[in-house]
Amino acid sequence: MYQFTITDTEFNAFRAFIYDIAGIKLSNEKKSLVSSRLGKRLRHYSLNSFQKYYDLMIASPQHGERQITIDLLTTNETYFFREPKHFDFLASKILPAWKGGKTFKIWSAASSTGEEAYSLAMLLDDKLGSRPWRIFGSDISARVLKAAQQGLYLQNRIDGIPKEYLHKYCLKGTGEHEGSLLIEKALRQKVSFASVNLKKPLENVGLFDIIFLRNVLIYFDIDTKRQIIKQLVEQLEPNGYLFIGHSESLKGIHDGLEVLAPTIYRKI
Ligand SMILES: C[S@@+](CC[C@H](N)C(=O)[O-])C[C@H]1O[C@@H](n2cnc3c(N)ncnc32)[C@H](O)[C@@H]1O
């Protein structure tokens, strides 16, 4: 298939766009990735340059082509029970100490296609029994949120789900959904998803006992990280927990949080 060439000026324009909107820093090495991901949109509109696509995208309404560009420039890799030590910590340290009395709430703050949110839901349902809980998942990409809301996954994407949970919480697809797996309805009803851009001021997301903010900080520079962490700490209940990804760090920017383990923090 024909590959369009992106000039430095064009690449810089898209780079500035995604940084301004989402805080995502694209290094020079991402040039060919940007060109291949956005190339499909040039073909879609029969355009012959990235500049023409940029002009069309910038002139589009917020939920139109701009959103598609955001969807294409974010990296959404995720899987069920990713970084299992976090789930072990939750099951062995946090949940047994939970006194109940109100709804236990977790926010999966860059949820991608929902695997993290549903992994948390399975664990809470299993460990909290009849005590109430809710999961909120959010992301900046409309495409991944749509998939998350469906809760339908390909069979080859479910490796991390413990066997017992597969039987208890997942339905095997039949007919047109052969080869897929659907998260069962009772669990899906306790998990909601909405669009939240972490770079912007947060509007009424509420307070949470735990926030999972994993594998997204790596895309931000230090100032954006600081701003995001500050906002998220305000959304934690007193003594609430913040989990970040294993390859991420809050070095120098964890005001208001004590470090429990290298990627696990608690609000002071
Ligand atoms: C690699 S995925 C991480 C998914 C999951 N948390 C995990 O650890 O498997 C990163 C997600 O962050 C989202 N993201 C990037 N910038 C964002 C922003 N400014 N606001 C909200 N979500 C953002 C992307 O759309 C993407 O789905």
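This is a predicted model: local features need pLDDT of at least 70, side-chain atom pairs count only at pLDDT 80 or more; totals for chains, interfaces and linings use all residues.
Student: Thanks. Which atom of A110 lies 2.9 Å from a nitrogen atom of the ligand?

Tutor: For A110, that is a backbone N or O atom. A polar backbone atom of A22 is also 2.9 Å from a nitrogen atom of the ligand. Then there is L198, with a backbone N or O atom 3.0 Å from a ligand nitrogen. The ligand exposes 610 Å² when taken alone, and the protein buries 99% of that.

Student: Okay, new topic. Where is E248 found?

Tutor: Look at the loop between β8 (236-244) and β9 (257-261), where E248 is found.

Student: And is E248 buried or exposed?

Tutor: E248 is buried, yet it has no salt bridge.

Student: Which side chain of opposite charge is the nearest to E248?

Tutor: That would be K225, which is 7.3 Å away.

Student: So what lies 2.9 Å from a polar atom of the E248 side chain?

Tutor: The backbone nitrogen of V216 does. The E248 side chain also has a polar atom 3.2 Å from the backbone nitrogen of I218.

Student: Which residues is E248 in contact with, leaving aside neighbours within four places in sequence?

Tutor: On that basis, E248 is in contact with L213, R214, N215, V216, L217, I218 and T263.

How values were computed: Residues are numbered from 1 along each chain as its sequence is written. Side-chain values use heavy atoms; hydrogens and water are left out. Helices (H or I, at least four residues) and strands (E, at least two) are DSSP runs, numbered from the N terminus. Buried means under 20% relative accessible area, exposed over 50%, partly exposed in between (1.4 Å probe, protein chains only). Lys and Arg count as positive and Asp and Glu as negative; His and the chain ends are not counted. A salt bridge is a side-chain nitrogen of Lys or Arg within 4 Å of a carboxyl oxygen of Asp or Glu. A polar contact is a pair of N or O atoms within 3.5 Å; within protein, one must be able to donate a hydrogen and the other to accept it, and residues adjacent in sequence count only if both atoms are side-chain atoms. Contact means heavy atoms within 4.5 Å. Accessible areas come from the Shrake-Rupley method with a 1.4 Å probe; for residues, only the protein chains shown count as cover.
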